[in-house]
Amino acid sequence: KKKILLKIHYIIGIDMAKSKGTRILITLECTECRTNINKRSAGVSRYLTQKNRRNNPQRMELKKYCPHCNKPTIHKEIK
């Protein structure tokens with residue numbers, strides 16, 4: 001049964017020993033929402049995106065719109 005499955009995987013192109021891809025999902029969180037008490041609404045802005053771990057091994061920072069602060073702010077990658 002195992003040999004048949006391996007043959008099927010080989011035929012359709014699935015590699016059994018394939019490593020993890022280089023693209024990973026990350027969460028970006030607003031840096032001003034944590035410290036700002038005069039924001040428009042309660043909560044913290046978070047965005048879900050992907051990054052290539054080979055090209056960007058360090059933590060990512062992007063300027064994105066925060067609906068809680070009502071302006072574009074720096075969003076940092078969190079674990």
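Mentor: The following discussion sets several values of this predicted model against the definitions behind the terms.

Trainee: Why is Cys66 called buried?

Mentor: The relative accessibility of Cys66 is 0%. Buried means under 20%, so the term applies.

Trainee: How do you know that Cys66 is in no disulfide?

Mentor: A disulfide is a covalent bond between the sulfur atoms of two cysteines. The structure holds 0 disulfides. For Cys66, the nearest cysteine sulfur is that of Cys33, 3.3 Å away.

Trainee: What keeps Cys69 from being bonded to Cys33?

Mentor: The sulfur of Cys69 lies 3.6 Å from that of Cys33, its closest cysteine sulfur, and is therefore too far for a bond. Cys69 is also called buried because its relative accessible area is 12%, and the limit is under 20%.

Trainee: Why is Ala42 called exposed?

Mentor: Ala42 counts as exposed because its relative accessibility is 70%, where the term requires over 50%. Ala42 is located in the loop between helix H2 (32-35) and strand E2 (46-52). Its C-alpha atom is 6.9 Å from that of His68, although the two residues are 26 residues apart along the chain.

Trainee: What makes the charged end of Lys64 sit over the ring of Tyr47?

Mentor: The charged end of Lys64 is 4.6 Å from the ring centre of Tyr47.

Definitions and conventions: Residues numbered from 1 in each chain as written. Predicted model: local features only at pLDDT ≥ 70, side-chain atom pairs only at ≥ 80, totals over all residues. Heavy atoms only, no water. Lys NZ or Arg CZ within 6 Å of the ring centre and 35° of its normal. Disulfide = S-S within 2.5 Å. Buried < 20%, exposed > 50% of the residue type's maximum accessible area, 1.4 Å probe, protein only. Helix = DSSP H or I, 4+ residues; strand = E, 2+ residues; numbered from the N terminus.
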